[in-house]
Amino acid sequence: MVMNLTDLKRCIEEVIMIPLDHKNLDKDVPYFANVVSTTENLAVYIWDNMAKALPASLLYEIRVHETDKNIVVYRGE
């Protein structure tokens, strides 16, 4: 087992769901006050915050599906 799923769910809740779910990114999320709220920048935001919450080197990629044809994959590059 790489990580306890209960711990992963807690990290996702704290890093993604609470600050982002049902929010106006431009107005309600301080990070996006100075950054354009594109899908690419959303993936970077999630990566940066998940990397802080997870054990070192555990995060491989963040994948955001905006639509069926618009998918962003970010690997911390």
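In which loop is Thr-67 found? Thr-67 is found in the loop between strands E1 and E2, where helices (H or I, at least four residues) and strands (E, at least two) are DSSP runs numbered from the N terminus. With a relative accessible area of 42%, Thr-67 is partly exposed, given that buried means under 20% relative accessible area, exposed over 50% and partly exposed in between, for a 1.4 Å probe and protein chains only. From C-alpha to C-alpha, Thr-67 lies 22 Å from Val-15, and the two are 52 residues apart in sequence.

The model is a predicted one, in which local features need pLDDT of at least 70 and side-chain atom pairs count only at pLDDT 80 or more, whereas totals for chains, interfaces and linings use all residues. Residues are numbered from 1 along each chain as its sequence is written, and side-chain values use heavy atoms, with hydrogens and water left out.

Leaving aside neighbours within four places in sequence, Ile-62 is in contact (heavy atoms within 4.5 Å) with Ala-43, Ile-46, Trp-47, Met-50, Val-72, Val-73 and Tyr-74.

The axes of H1 and H3, taken as lines fitted to C-alpha atoms over the stretch in contact, with angles running from 0 to 180 degrees between N-to-C directions, come within 10 Å and cross at roughly 140°. H1 and H3 are therefore oblique to each other, since angles under 35 degrees count as roughly parallel, over 145 as roughly antiparallel, 65 to 115 as roughly perpendicular and the rest as oblique. The residues that make the contact include Leu-8, Cys-11 and Ile-12 of H1, together with Tyr-45, Asn-49 and Ala-53 of H3.

Two residues other than glycine have a positive phi, and each of them is placed in a loop. His-22, with phi near 60°, has its place between H1 and helix H2 (25–28) and counts as exposed at 76% relative accessibility. Ser-57, with phi of about 65°, is found between H3 and E1 and is likewise exposed, with a relative accessible area of 79%.
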